[in-house]
Amino acid sequence: MSAATGAATGTPSGAATGPSLTARLLRGETLGRFAYVAFCTLVFVFLVAPIVVIVPLSFNAEPYFTFTEGMLRLDPEAYSLRWYREILENEVWTRSLVNSLVIGVSATALATTLGTLAALGLASGAMPARRLVMGLLISPMITPVIISAAGMFFFYSSIGLGQTHLGLILAHTALGIPFVVITVTATLSGFDSNLTRAAASLGAPPLYAFRRVQLPLIAPGVVSGALFAFATSFDEVVVALFMAGVEQRTIPRQMWAGIREQISPAILAVATFLIVFAGLLLVTVAWLRRRARG
């Protein structure tokens, strides 16, 4: 009856109108996907462009913070590695780099150990006041860093740890612990506690069961938290301004001093190193997450 009506009225049947509707839907979906990708690309360029522009400036042969005429013409003589050589040859920069590595590695080791232990306790159902403890542990992440820095300065100075490597390590440890707690807690949410019970039923001591059963499964979360803790310490400047002396200057602290005391493109070369380091960190974290899911 419908076919006859369609034939009588001269309109195509449903078989003819169906593909056209499907084509319109597919075309609309394609346009929507293209608009979404274009919008994300614009946002990405808006956020990253001010950072990426530092990279070519770090190769400037002249002591300027702007693109010279030769650089705009892509003249090879306008580019140089002199500022990278200055970083490696200048004792101030090398000492700052060593301080950053020593303080960052030490703070990361402490933050990873303490944060993992705290996350294990928070994952236990017998933990009292779990939300309150969690809020206290992550408070350094949400508290304005200048408030934390001022408090740490007065506290550590009162116990004789002001302007010392140990005081700066402990301060950076407090800043890195929240990242370890969050990442390890998220990993433990998918951990099957029956595995540790099975290990205990087979006679494994708690430490052995943690080392051989639990730790390998939560290792991606632990490593991700450690990477974030190291990045926090390596890139931190406000606490270093309050607590670091001349002998404890880190790379960010030296960059701050360089901008205030002597403007040099060597700062841009160091910033390029930090950009590359941040990129490698993000790639590593993404790889660890993909591995944990797989």
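Buried means under 20% relative accessible area, exposed means over 50%, and partly exposed lies in between, with a 1.4 Å probe and protein chains only. The model on screen is predicted: local features need pLDDT of at least 70, side-chain atom pairs count only at pLDDT 80 or more, and totals for chains, interfaces and linings use all residues. Residues are numbered from 1 along each chain as its sequence is written, and side-chain values use heavy atoms, with hydrogens and water left out.

**Stop 1**

Select A129. A129 is partly exposed, because its relative accessible area is 47%. The residue sits in the loop between helix 6 and helix 7 (130–137). Helices here are DSSP runs (H or I, at least four residues), and strands are E runs of at least two, numbered from the N terminus. Check the backbone: A129 is not a glycine, yet its phi is positive, about 50 degrees.

Now go to L74. It also has a positive phi, about 60 degrees, although it is not a glycine. Its loop runs between helix 4 (69–72) and helix 5 (82–89). With a relative accessible area of 65%, L74 is exposed.

**Stop 1: the salt bridges**

How many salt bridges does the rule give? The count comes to 2. The rule asks for a side-chain nitrogen of Lys or Arg within 4 Å of a carboxyl oxygen of Asp or Glu.

Show R73 and E69. They form a salt bridge, and their closest N and O atoms are 3.2 Å apart. Both R73 and E69 are exposed.

Then show R95 and E91. This pair forms a salt bridge too, with 3.8 Å between the closest N and O atoms. R95 and E91 are separated by about one helical turn, because they are 4 residues apart in helix 6. R95 counts as partly exposed at 28% relative accessibility. E91, at 58%, counts as exposed.

**Stop 2**

Two packed helices are described by the angle between their axes and the distance between the axes.

Which residues of helix 6 meet helix 14? Pick V92, W93, S96, L97 and S100. On the helix 14 side, pick I251, P252, Q254 and M255. By class, this contact has 6 nonpolar, 3 polar and no charged residues. Ala, Val, Leu, Ile, Met, Phe, Trp, Tyr, Cys and Pro count as nonpolar, Asp, Glu, Lys and Arg as charged, and the others, Gly among them, as polar.

**Stop 3: G115**

Move along to G115, also in helix 6. Is G115 buried or exposed? It counts as buried, because its relative accessibility is 0%. G115 touches I177, V180 and V181, leaving out residues up to four places away in sequence. Contact means heavy atoms within 4.5 Å. Draw a C-alpha distance from G115 to I182: 8.6 Å in space, across 67 residues of sequence.

**Stop 4: F191**

Jump to the loop between helix 10 (165–188) and helix 11 (194–201), where F191 is placed. F191 counts as buried, at 15% relative accessibility. Leaving out residues up to four places away in sequence, F191 touches T196, Q214, L217 and I218.

**Stop 5: T272**

Select helix 15 (residues 266–293) and find T272. T272 counts as buried at 8% relative accessibility. Where residues up to four places away in sequence are not counted, T272 touches I54, V55, S58 and Y84. V237 is 35 residues from T272 in sequence and 17 Å away, C-alpha to C-alpha.

**Stop 6: a nonpolar surface patch**

Finish on the surface. Select V145, I146, I147, F153, F154, L241, F242 and W256. They form a nonpolar patch with about 730 Å² of accessible area together. Areas come from the Shrake-Rupley method with a 1.4 Å probe; for residues, only the protein chains shown count as cover. Patches are made of residues with over 30% relative accessible area and no salt bridge: like charges are joined within 9 Å, nonpolar side chains (Val, Leu, Ile, Met, Phe, Trp, Tyr) within 5 Å.

Helix 9 (145–158) and helix 13 (238–243) are the elements that give two or more residues to the patch. Helix 9 gives the most, with 5 residues. L241 lies in helix 13. It is partly exposed, with a relative accessible area of 30%.
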